[in-house]
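Biologist: Can you take me through how the helices and strands pack here? Start with whatever terms I need.

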Amino acid sequence: MYTTKSLLSALIPIMIPLSLGSVSSPNLLPTPPMGFNNWARFMCDLNETLFLETASAMISTGLLEAGYNRLNLDDCWMAYDRAPDASLQWNTTKFPHGIPWLAHHLKTQGFHLGIYQDAENLTCGGYTGSFGHEALDAQTFAAWGIDYLKLDGCNVFPEHSRTLEQEYKARYAHWHTVLQLHPPLIFSESAPAYFADPANLTSWYELMDWVPVFGELARHSTDILVYAGQGSAWDSIMVNYHYNTLLARYQRPGYFNDPDFLIPDHPGLSLEEKRSQFALWASFSAPLIVSAYIPGLSGEELAILRNAELIRVDQDALGLQATLASRGEEVDVLTRSLEGGDRLLTVLNRGDGVATVKVPVEWMGLERGCAYAARSLWDGKVQVLEEEMVVSLNPHATQVYRIALLEECSKVIPTGIVFNTVSGNCLSDGDGGRVGFEACKGSETQIWQVTELGSLRPLSRTSYCLTASSQIPVQLCTGHQDQKWTYAITGNLKNEHTKMCLTEGRGLSECGFERDSQVFGLPSGVDINSS
């Protein structure tokens with residue numbers, strides 16, 4: 001079996017130097033963080049008592065033992081004014097014993113304390129920001145015993161004739177440099193969330209290209225719906241799920257995409273929807289940061305959060321993010337590799353009715369003719385697979401399976417849809433050898449294998465390869481350079497013969513920088529080549 005490292009090794013690595021980035025030094029955060037944050041559940045109603053009660057409940061309910069060892073203060077913890085020496089002050093009414101005392105007390109119980117700040121001079125809640133005081137604030141946090149910083153980006157305006165994108169990069173790069181001078185501190189960046197415009201993602205990707213260099217995780221899109229917010233909590237989860245599916249190429253050990261908080265006690269969610277959010281976040285190896293009233297969680301809600309098999313998937317050492325193997329009108333199929341050679345299969349019903357889908361083993365990146373054991377990560381039941389799995393799902397339900405080989409006869413090939421991340425359309429193998437982009441429909445003609453040699457083969461015709469030809473763009477595979485492609489961190493698919501990029505609506509064209517028509521999502525396991 002191919003190792004994950006060897007998959008698509010032919011897509012010629014051209015790595016940018018990341019000497020200061022967490023991606024190149026993943027020891028600080030080799031797996032995504034797990035813990036609690038007050039924002040989505042309590043917003044500015046945070047205080048010392050809430051965090052002490054939360055810590056006690058996390059111990060008594062087994063959440064700490066399960067791995068939830070971080071307690072993070074969000075906005076509104078601070079005083080409105082700085083001290084005479086310009087240092088930050090905590091709100092003494094909310095935190096009568098002080099932040100340093102709280103950090104020390106929680107540490108004795110087995111927790112780490114994290115904190116919130118903003119890259120401007122005002123936070124989103126109107127409190128004291130850090131602009132112009134970055135070095136002092138980093139020193140203060142270190143002295144208080146803080147080892148996790150969530151840096152927001154409210155109220156940022158360009159300085160020194162920079163564009164807004166350049167300003168955000170300058171602010172977060174400066175923070176990254178400052179943090180190198182202090183004890184290790186996990187750096188959570190919120191900058192990309194301010195550029196997540198579904199109509200044009202160029203600026204968003206411009207920020208996403210650098211956040212893995214500066215920090216360990218990034219809040220990349222809209223806030224999850226708060227407890228008291230208006231609207232559909234499920235729709236909010238699906239929005240953030242969607243954004244996360246566009247970003248798999250950025251994630252690796254040391255840096256994790258953050259689709260925001262788990263909200264297991266939100267009154268707008270059914271139990272099935274709560275299970276789905278947890279299963280999807282775990283499949284993504286996303287941060288598992290819970291924003292809920294922990295002492296009030298039901299036994300069913302706690303059982304979701306303590307699911308040891310899904311936590312094991314979330315904390316898998318490979319750090320891969322599940323990607324779309326297939327997308328239909330209502331059902332998404334996602335896959336990824338796990339440490340030790342197992343494969344993950346996650347099936348989501350986005351629709352409002354019961355759905356049944358057949359998932360051939362080829363969709364999972366596996367070979368027909370071998371035997372596999374598929375274990376449900378919800379109930380532990382095991383079934384033997386040889387050709388396909390039939391999955392039935394209630395509305396908004398998610399099933400997750402760990403697929404293990406029962407015999408040494410298979411190799412993993414990255415397999416899934418190739419989709420434009422703006423239009424959402426899938427690369428499709430059409431009649432007469434023609435290819436193009438059309439709405440995803442869960443068809444084999446839209447599922448592609450990406451081989452070690454850098455070729456893309458439609459699952460409907462695996463002896464044929466995507467070819468840089470205006471006449472017949474899918475031809476019998478020959479191994480020629482016009483059938484070899486590289487995949488860049490920018491999302492470009494570049495042909496090695498023509499040096500042109502795949503472009504929705506135009507076939508091949510000159511490669512641009514983060515053009516909406518040239519940014520694609522590919523299957524999990526494809527090595528990234530930075531450009």
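Modeller: Axes are lines fitted to C-alpha atoms, for helices over the stretch in contact, and angles run from 0 to 180 degrees between N-to-C directions. Helices (H or I, at least four residues) and strands (E, at least two) are DSSP runs, numbered from the N terminus. The model is predicted: local features need pLDDT of at least 70, side-chain atom pairs count only at pLDDT 80 or more, and totals for chains, interfaces and linings use all residues. Residues are numbered from 1 along each chain as its sequence is written, and side-chain values use heavy atoms, with hydrogens and water left out.

Biologist: OK. At what angle do H5 and H6 cross?

Modeller: Roughly 45°, with the axes of H5 (residues 134-144) and H6 (residues 164-179) coming within 10 Å. H5 and H6 are therefore oblique to each other. Their crossing is right-handed; that term applies if the near helix is turned clockwise from the far one by less than a right angle, and left-handed if anticlockwise.

Biologist: Which residues of H5 and H6 meet?

Modeller: From H5, Glu134, Ala135, Asp137, Ala138 and Phe141; from H6, His174, Trp175, Val178 and Leu179. Contact means heavy atoms within 4.5 Å. By class, the H5 and H6 contact has six nonpolar, one polar and two charged residues. Ala, Val, Leu, Ile, Met, Phe, Trp, Tyr, Cys and Pro count as nonpolar, Asp, Glu, Lys and Arg as charged, and the others, Gly among them, as polar.

Biologist: And H2 with H4, what angle there?

Modeller: Roughly 5°, and the axes of H2 (residues 48-60) and H4 (residues 99-108) come within 11 Å. H2 and H4 are therefore roughly parallel. Glu48, Phe51, Leu52 and Ala55 of H2 meet Trp101, Leu102, His105 and Leu106 of H4. That contact divides into six nonpolar, one polar and one charged.

Biologist: Switching to sheets. What is the strand order in the six-stranded one?

Modeller: E9-E10-E11-E16-E13-E14, an open sheet with antiparallel pairing. Two strands pair if DSSP finds at least two bridges between them. E9 (323-327) and E14 (382-385) stand at the edges with a single partner strand each, so one side of each has no neighbour in the sheet. On average, neighbouring strands are turned by 25° against each other, direction ignored.

Biologist: What packs on that sheet?

Modeller: Helix H9 (residues 233-245), which touches E9, E10 (331-337) and E11 (343-349), its direction making about 110° with that of E9. H9 also packs against H10 (residues 271-283) at about 15°, with their axes 11 Å apart. That makes H9 roughly parallel to H10, and the crossing is left-handed.

Biologist: How many bridges join E13 to E16?

Modeller: Five, between antiparallel strands E13 (residues 372-376) and E16 (residues 398-405). Ala374 has Ile403 in E16 as its bridge partner.

Biologist: Last topic: how many aromatic pairs?

Modeller: There are 15. Rings of Phe, Tyr and Trp (its six-membered ring) pair if their centres lie within 6.5 Å; planes under 30 degrees apart count as stacked, over 60 as edge-to-face and the rest as tilted. Tyr80 and Tyr127 have ring centres 4.3 Å apart and planes at 10°, so that pair is stacked. Tyr80 is in the loop between E2 (70-72) and H4, and Tyr127 in the loop between E3 (112-118) and H5, 47 residues apart.

Conventions. Parallel < 35°, antiparallel > 145°, perpendicular 65-115°, else oblique.
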